Amino acid sequence: MPASPSTARAINDRLALRLLQQQGPLTAAQLKQHTGLSRPTVADLVDRLAASGLIQVVGEAGEQRRGPNAKLYGIVADRAHLAALDVRTEGVSVLVSDLVGRVLGEASVPIGGDTGTGHAVEQAVALVERVAKEAGADRLHTVGIGAPGLIDPATGELRDSGGLPAWHRRLVAVLQERLPAARVTVENETNLAALAEQRDGAARDRDTFVLLWLGFGTGAAVVLDGHLRRGASGGTGEIGFLPVPWTRGLPSATDCAGGFHSLASSAAITELAGRHGVTAPPGTEEPLGAGLVRAAVQAVSAGGAGAGDAGVVPVGVAGAGGAGVGSAGGAAGAGSAEGGAGAFLDALADRVALGVASVVAVLDPGCVVLGGEVGHAGGEELAGRVEERIRRMAPLPTEVRAGVLGGAAVLRGALLTAREAAQEVLFAPLDR
């Protein structure tokens with residue numbers, strides 16, 4: 001059945017708003033071209049959206065053309081202000097933007113592990129309020145939060161997870177109390193990083209891929225056919241709990257020590273680098289694990305050593321001729337001299353390949369992005385070594401890419417989700 005006039009208007013309005021969001025200001029003639037609507041329909045649409053306060057004239061298309069069609073229409077950016085938070089175990093980062101995503105303010109605050117729950121929450125909330133005030137945002141419309149841990153798919157709440165600070169869960173509730181007019185949402189940090197890499201980073205051409213997060217901890221996000229998959233309990237991608245060889249035990253329901261986390265977390269990478277004599281330059285501002293990987297990549301590049309120059313080590317069984325990463329989780333395999341940047345990257349690639357191979361065997365995503373600070377620091381050098389191992393370990397063709405956004409992907413993803421949530425409300429069909 002044909003749509004009613006009111007439904008057709010709502011569809012056309014949403015289409016026009018999406019075009020303005022994605023492409024920026026457009027003239028009425030350009031809206032006509034992109035939508036295929038008639039000139040009178042576009043003129044009516046523009047008048048409605050302007051009257052509702054959603055769009056406004058922001059300039060002209062060119063001095064040589066005058067008249068109504070030369071006006072450039074854009075979304076009213078200050079119709080709503082948004083906040084995005086990246087909540088880590090060691091601190092919080094916040095940014096505030098307008099409705100079109102232009103960043104108006106940004107700041108971070110460290111929160112020590114011995115900080116009490118109440119004080120930690122107050123520090124984080126005060127940071128949000130300060131950044132919003134400095135950005136000129138008197139009222140926040142939507143707040144998007146990225147945090148480690150499980151998000152209950154039924155309630156959208158951050159679940160109590162072992163090993164995470166208690167203030168993480170309390171923060172969401174306090175923000176909602178202090179910002180009663182705002183919509184506060186929370187999402188797993190790795191999922192947000194995947195959305196950001198798909199929109200603006202390494203996976204822009206992929207509808208199906210897995211992002212493997214390598215940072216302070218480990219995690220994975222699964223995007224299949226363009227949709228983020230969270231699982232029955234919100235735990236899709238908790239790869240830190242994946243049982244792997246060469247660790248000192250097995251993970252438990254409350255502790256991922258003994259799982260993949262024990263091989264690829266920042267602490268594990270730091271230990272591995274120390275055994276290979278790799279050090280980070282003094283004064284580096286990035287996390288230690290990422291700094292060590294970056295230093296190794298730079299040393300290999302400066303020395304002219306490619307992905308195989310230090311010896312590509314086949315992942316094997318620990319203890320069987322030394323081909324694995326070692327029973328303690330990190331001795332270099334056969335063909336690599338102990339010590340040195342190349343041997344360190346080989347040993348790290350052995351470890352990362354275990355997680356990637358598990359993902360590939362189950363999901364066959366065709367593409368795995370090494371995200372987080374470590375994945376970004378490793379760049380093509382680390383990604384190439386991991387891909388070489390996967391090529392020999394699995395029969396399924398898999399491209400391994402380095403993340404483009406690094407640790408900034410979480411904040412970017414939180415902003416994207418906050419913006420989309422706000423637009424769903426503000427761009428809803430008007431009651432006409």
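Glutamate 90 sits in the loop that links strand 4 (81-88) to strand 5 (91-98); helices (H or I, at least four residues) and strands (E, at least two) are DSSP runs, numbered from the N terminus. This is a predicted model, where local features need pLDDT of at least 70, side-chain atom pairs count only at pLDDT 80 or more, and totals for chains, interfaces and linings use all residues. Residues are numbered from 1 along each chain as its sequence is written, and side-chain values use heavy atoms, with hydrogens and water left out.

With a relative accessible area of 40%, glutamate 90 is partly exposed (buried is under 20%, exposed over 50%, partly exposed in between; 1.4 Å probe, protein chains only). Its contacts (heavy atoms within 4.5 Å), not counting residues up to four places away in sequence, are Pro110 and Ile111. Glycine 112 is 22 residues from glutamate 90 in sequence, yet their C-alpha atoms are 6.0 Å apart.

Now let us turn to helix 4.

| Side of helix 4 | Residues |
|---|---|
| Buried | Ala120, Val121, Ala124, Val125, Leu127, Val128, Val131, Ala132 |
| Exposed, other side | Gly118, His119, Lys133, Glu134 |

Why do the buried residues line one face of the helix? Seen down the axis of helix 4, they fall within an arc of 145 degrees, so they line one face; the arc is that of the directions from the helix axis to the C-beta atoms. Their cover includes strand 4, strand 5, strand 6 (103-110), strand 7 (140-147) and helix 5 (167-178). After helix 4 comes glycine 136, with a positive phi near 80 degrees.
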